[in-house]
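Reader: I am new to reading structures, and I would like to learn where the words come from. Could we go through a model together?

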Amino acid sequence: TKHFPVRARGRAALTRAPRVVHAVDDVTLTLRRGRVTALVGESGSGKSTVARLLAQLYPRTGGDIRLDGTSTAVKGGRAFKAYAKRVQMIFQDPFASLNPVHTVRYHLTRALKIHGKNADGASLEELLGRVQLTPAELYLDKYPHELSGGQRQRVSIARALAADPEALLADEPVSMLDVSIRLGVLNLLRDLKERLDLAVLYITHDIASARYFADETLVMYAGRMVEGGDSETVTQSPAHPYTQLLVESAPNPERLSAVGDEDDDEDGGEPPSLIEPPSGCRFHPRCPHAMPVCGERVPERVELTDAPGHWAACWLYAEKTEKTEKTEKTAQ
Ligand code: SF4
Ligand code: MG
């Protein structure tokens, strides 16, 4: 869970109670080695915040992050370094995440040294080989602006791999890249997952790319997780009305080269304010199936029977008795 305080200005600061943005509420997920997990949602759904929480770049408001079952309470710099060695993050804009005044050699050497690794020529070559930038001599002495967007993102990935991590958190890793090179970078990530047995979290607003690229797909709406399961099931037979809307408005999967186009509001709906999020199911103001209980109570995860591991947090799937009982309770 992550809540950000909102600072009121001027008179409002004196008269209004302090407010918070409910960016992420009660999100639970498990990453496994050798598996790509997609976290899908529109802008402002909290998916990038989840990645930053998992990278421990933000302190969390509540909850826990466990590595191999061991709770991680990262406070000091040393503990953070040990955690970052195992869990690395790749950002959306490789241009912003690489320092323009330094060469590829500098970036990779520094990353290897930070993680106590040998930074000789062979190690640099091996790192670039892992991201298919070969021969290394072609790239090592280039500055970020001398590389294409795809090459820059590959350098960022190589830098993350310098730590020999177990998990990669990739926040919209291809959405800033030219359409023609997106698939190449996604294929590289999938390849690395297999060869290095990595756990990959793939954050995207494009559910079509999740189907293509991820083993498991999780869907977020307004700071909460609403559906999850294997990618095939979630994208082919979505259960939650919000996922259904995402799938309907997704670009044609045949046009895979267009993965990740910035087109968030195609369905015409507006994501709600997370300062005062809607009560109950946060999707209820937009949901074509909303019932009275939906605005009253937060739906819990319900295991669905169509495929193992498929679940949705939606009152449509809750036990009938429970639904009636809860409606009656709130009506009293
Ligand atoms: Fe729609 Fe209700 Fe399900 Fe929310 S809980 S998605 S409002 S039917
Ligand atoms: Mg984002």
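Reader: Are Tyr221 and Tyr242 buried or exposed?

Author: Both Tyr221 and Tyr242 are buried. Buried means under 20% relative accessible area, exposed over 50%, and partly exposed in between, with a 1.4 Å probe and protein chains only. Tyr221 has a relative accessible area of 3%, so Tyr221 is buried. A word on the source: this is a predicted model, where local features need pLDDT of at least 70 and side-chain atom pairs count only at pLDDT 80 or more, while totals for chains, interfaces and linings use all residues. Residues are numbered from 1 along each chain as its sequence is written, chains are lettered from A and ligands numbered from 1 in the order in which they are written, and side-chain values use heavy atoms, with hydrogens and water left out.

Reader: How many aromatic pairs does the structure hold, and why is the pair of Tyr221 and Tyr242 called tilted?

Author: There are five aromatic pairs. Rings of Phe, Tyr and Trp (its six-membered ring) pair if their centres lie within 6.5 Å; planes under 30 degrees apart count as stacked, over 60 as edge-to-face and the rest as tilted. The ring centres of Tyr221 and Tyr242 are 4.6 Å apart and the planes stand at 55°, so this pair is tilted. Tyr221 belongs to strand S9 (residues 216-221) and Tyr242 to helix H12 (residues 241-249), and the two are 21 residues apart. Helices (H or I, at least four residues) and strands (E, at least two) are DSSP runs, numbered from the N terminus.

Reader: What makes the pair of Tyr221 and Phe283 edge-to-face?

Author: The angle decides it: the planes are at 80° and the centres 5.0 Å apart, so the pair of Tyr221 and Phe283 is edge-to-face. Phe283 lies in the loop between H12 and strand S11 (301-303), so with Tyr221 in strand S9 the pair ties together parts that are 62 residues apart in sequence. Phe283 counts as buried at 2% relative accessibility. Tyr221, Tyr242 and Phe283 form one aromatic cluster.

Reader: How do you know that the charged end of Arg301 sits over the ring of Trp311?

Author: A charge sits over a ring if NZ of Lys or CZ of Arg is within 6 Å of the ring centre and within 35 degrees of the ring normal. The charged end of Arg301 is 3.8 Å from the centre of the Trp311 ring and sits over that ring. Likewise, Arg190 has its charged end over the ring of Tyr212, 4.9 Å from the centre.

Reader: What lines the largest cavity, and why do we call such a space a cavity?

Author: On a 1 Å grid over the protein atoms alone, a cavity is a set of points where a 1.4 Å probe fits but cannot get out, whereas a pocket is an open set with protein on both sides within 12 Å along at least five of seven lines; lining residues have an atom within 4 Å of a point. The structure has one cavity of 30 Å³ or more. The largest cavity holds about 70 Å³ of space, and its lining includes His240, Cys281, Met291 and Trp315.

Reader: How much space lies in the largest pocket?

Author: The largest pocket holds about 780 Å³. Its lining has 29 residues, with Leu29, Thr30, Leu54, Ile65 and Arg66 nearest the centre.

Note on methods. Points joined across faces, edges and corners; volume = space filled by probe spheres on them.
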